[in-house]
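User: Hello! Could you walk me through this structure with a few questions and answers?

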Amino acid sequence: MTATATIDEVVCLRPATSTDFDLASVVNGLLQPVYQLPGAELVRHVSGIGDVGQMIQDALDEAPDDLYATSVPASGVDHAVWPSGETTVEAGAGNRFPVGITLPVDGSQDIFLWDRDASSDDLLGSITISEAEQGQGTLSKLAHSEEENSYYYVNYHVD
């Protein structure tokens, strides 16, 4: 028996980190001159540099993702099941997107979330929907990428 899954909503908790470098190396580079100072002197020196906090915050700022979803593990909006028309939606932290697509679930069905990029699209995470979830009402699963540091909830139900 084949069930159908309806993806009701995608919620962006945190878009992909927009930096293509290791933040720890940035922090280490900024603080290298003061690492050898005694504790109290270190605190006084760091707190006296007003730009350090701003530089770290700037490195952490996340640009919105150009979000789309596929039902196969292949990137590219030509594989997208949502949104339609080979487009993307701009997804920032806290954004909620009504999806409303229905897919057949024969055993299980994966959903992959992607960020469209100029060079190559980034996988933001995926979830697996099981036919055994049929009749359980609205469910939520977390799609997460360690590499991209992104977090999305996918809300769905299986009939």
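Analyst: Gladly, and a definition comes first: helices (H or I, at least four residues) and strands (E, at least two) are DSSP runs, numbered from the N terminus. This is a predicted model, in which local features need pLDDT of at least 70 and side-chain atom pairs count only at pLDDT 80 or more, while totals for chains, interfaces and linings use all residues. Residues are numbered from 1 along each chain as its sequence is written, and side-chain values use heavy atoms, with hydrogens and water left out.

User: Which strands each supply at least two residues of the lining of the largest cavity?

Analyst: A cavity here is a set of points, on a 1 Å grid over the protein atoms alone, where a 1.4 Å probe fits but cannot get out, and lining residues have an atom within 4 Å of a point. The lining consists of Ile7, Val10, Ala69, Trp82, Val99, Ile101, Ile111, Leu113 and Val154. At least two of the lining residues come from each of strand E1 (3-14), strand E5 (96-105) and strand E6 (108-115).

User: How much space lies in the largest cavity?

Analyst: Grid points are joined across faces, edges and corners, and a volume is the space filled by probe spheres set on the points. The structure has one cavity of 30 Å³ or more. The space in the largest cavity is about 50 Å³.

User: How many nonpolar residues does the lining of the largest cavity have?

Analyst: Ala, Val, Leu, Ile, Met, Phe, Trp, Tyr, Cys and Pro count as nonpolar, Asp, Glu, Lys and Arg as charged, and the others, Gly among them, as polar. In that lining there are no polar and no charged residues, and the nonpolar ones number nine.

User: How many residues has the largest nonpolar core?

Analyst: Such a core is a set of buried Ala, Val, Leu, Ile, Met, Phe, Trp, Tyr and Cys residues joined through side-chain atoms within 4.5 Å. Buried means under 20% relative accessible area, exposed over 50%, and partly exposed in between (1.4 Å probe, protein chains only). Among the residues with the most contacts inside the core are Ile7, Leu67 and Trp82. The size of the largest nonpolar core is 27 residues.

User: Is the pair formed by the rings of Trp82 and Phe97 stacked, edge-to-face or tilted?

Analyst: Rings of Phe, Tyr and Trp (its six-membered ring) pair if their centres lie within 6.5 Å; planes under 30 degrees apart count as stacked, over 60 as edge-to-face and the rest as tilted. By this rule there is one aromatic pair. The ring centres of Trp82 and Phe97 are 6.1 Å apart and their planes are at 55 degrees, so the pair is tilted.

User: Is Trp82 buried or exposed?

Analyst: Trp82 has 7% relative accessibility, so Trp82 counts as buried.

User: What is omega for the cis peptide bond that joins Trp82 and Pro83?

Analyst: Most residues other than glycine have a negative phi, and most peptide bonds are trans. Pro83 sits in the loop between E3 and E4, and the cis bond joins Pro83 to Trp82 with an omega of about -20 degrees.

User: Which loop holds Asn149?

Analyst: Asn149 is a residue other than glycine, yet its phi is positive, near 60 degrees. At 26% relative accessibility, Asn149 counts as partly exposed. Asn149 belongs to the loop between E8 and E9.

Technical notes: On a 1 Å grid over the protein atoms alone, a cavity is a set of points where a 1.4 Å probe fits but cannot get out, and a pocket is an open set with protein on both sides within 12 Å along at least five of seven lines; lining residues have an atom within 4 Å of a point.
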